[in-house]
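Dear colleague,

Please find the structure below, handed over for your records. My notes on what was found in it follow.

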Amino acid sequence: MAKSIKEFHPDSKVIICLIESEMQPEVKNIQVFDEILLAKDLGIPNFDHYIFKYTASEASWALKSELMRYVYKNEVQENYFIYIDSDTRFYSSIIEVQPILDMYPIVLTPHCIKKPKDEYLQFGIFNAGFLGIKRSDEAENFINWWADKVEWHCYMDWDRFIFVDQGWLKLVPTYYNAYILTHPGYNVSFWNFDERKIYKDQDKQYTINNLPLRFFHFSQLLTSLKEAVENSNNEVLRTLYGDYLEELKISSVYHLSAEPWSYAFFDNGDRIKQLTRKAYLHYSHHHLSSNPFYSSNDKLIQCFQE
């Protein structure tokens, strides 16, 4: 992700948030990162309580808004901020975004742009893997609102129409002045293959519906995306997917993906059960006096049953 951003936007500042208790030495040596932050250093009150109630995936989704809030506050010389998921790759410059942000404080990309699909009533209309904001009261209010929502509600609950961080974004165009970017070259992935045809032009550049591919979102790389690519009859798509896999494998930090999440364990080394996390999520509002990582599954479950 970062390498491709620097390729097409060399003057950009790439800030990465690592959701681990400590930073691995290999990560510190990656030159394409301008700054590497640990999630615990974002200034979140009661961070141990914040992170304990979420799985690794839920935490990564919830912390997007906190990262945006952090850089907005601390990068005071910057006026434009783009969040992008780490499982994306740029294939050309996202030249449409800054002119949009000159006119609007927020820019979002929908999953699909042609035919409405019922499933997005659950999953959310907009994909949270990309969004842009401009320094403004409107954007700041949006980021604060989003961060407040996902502090306690970044999980899947179909009965309440909650879908992690992404579901909240469907409210944004109604309550904030947001631009919906429908360029087909943005946020291309398995969920919109049916409406976005990928080819290579005469200059061997990737195109989507005859427009430049801006970035591809390699979400669910080895599951849903892999299946969709294998079932396609598009050799160009298969080549793009295969090339990305090779890029990952030669990365100096690829092996870290097999390491266990540092927040998956209590301080004594015992693994935190999913049931414990969910109990803590729903019943911990009045039990924030001690660090949950110093407790145990049995103690916390018993505490919330009393």
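I begin with the helices and the sheet. Helix α7 (residues 137–152) lies across β5 and β6 and runs at about 145° to β6. Helix α4 (residues 56–74) lies across β3 and β6, at about 10° to β6. Helices (H or I, at least four residues) and strands (E, at least two) are DSSP runs, numbered from the N terminus. Axes are lines fitted to C-alpha atoms, for helices over the stretch in contact (heavy atoms within 4.5 Å), and angles run from 0 to 180 degrees between N-to-C directions.

Please note that this is a predicted model, in which local features need pLDDT of at least 70 and side-chain atom pairs count only at pLDDT 80 or more, while totals for chains, interfaces and linings use all residues. Residues are numbered from 1 along each chain as its sequence is written, and side-chain values use heavy atoms, with hydrogens and water left out.

The open sheet has four strands in the order β3-β6-β5-β9, with mixed pairing; two strands pair if DSSP finds at least two bridges between them. β3 (80–84) and β9 (178–180) stand at the edges with a single partner strand each, so one side of each has no neighbour in the sheet. On average, neighbouring strands of this sheet are turned by 20° against each other, direction ignored. Strands β5 (residues 106–110) and β6 (residues 126–134) run antiparallel and are joined by four bridges; L108 has L131 in β6 as its bridge partner.

Turning to the aromatic residues, a search of the whole structure finds 24 aromatic pairs. Rings of Phe, Tyr and Trp (its six-membered ring) pair if their centres lie within 6.5 Å; planes under 30 degrees apart count as stacked, over 60 as edge-to-face and the rest as tilted. Y50 and Y54 form an edge-to-face pair, at 6.2 Å centre to centre and 80° between the planes. Y50 is buried at 2% relative accessible area, and Y54 is buried at 0% (buried means under 20%, exposed over 50%, partly exposed in between; 1.4 Å probe, protein chains only).

The rings of F218 and Y244 are stacked, because their centres are 3.6 Å apart and their planes at 0°. This pair links distant parts of the chain, 26 residues apart: F218 is in the loop between β13 (215–217) and α9 (224–231), and Y244 is in helix α10 (residues 235–249). Both F218 and Y244 are buried.

Yours sincerely
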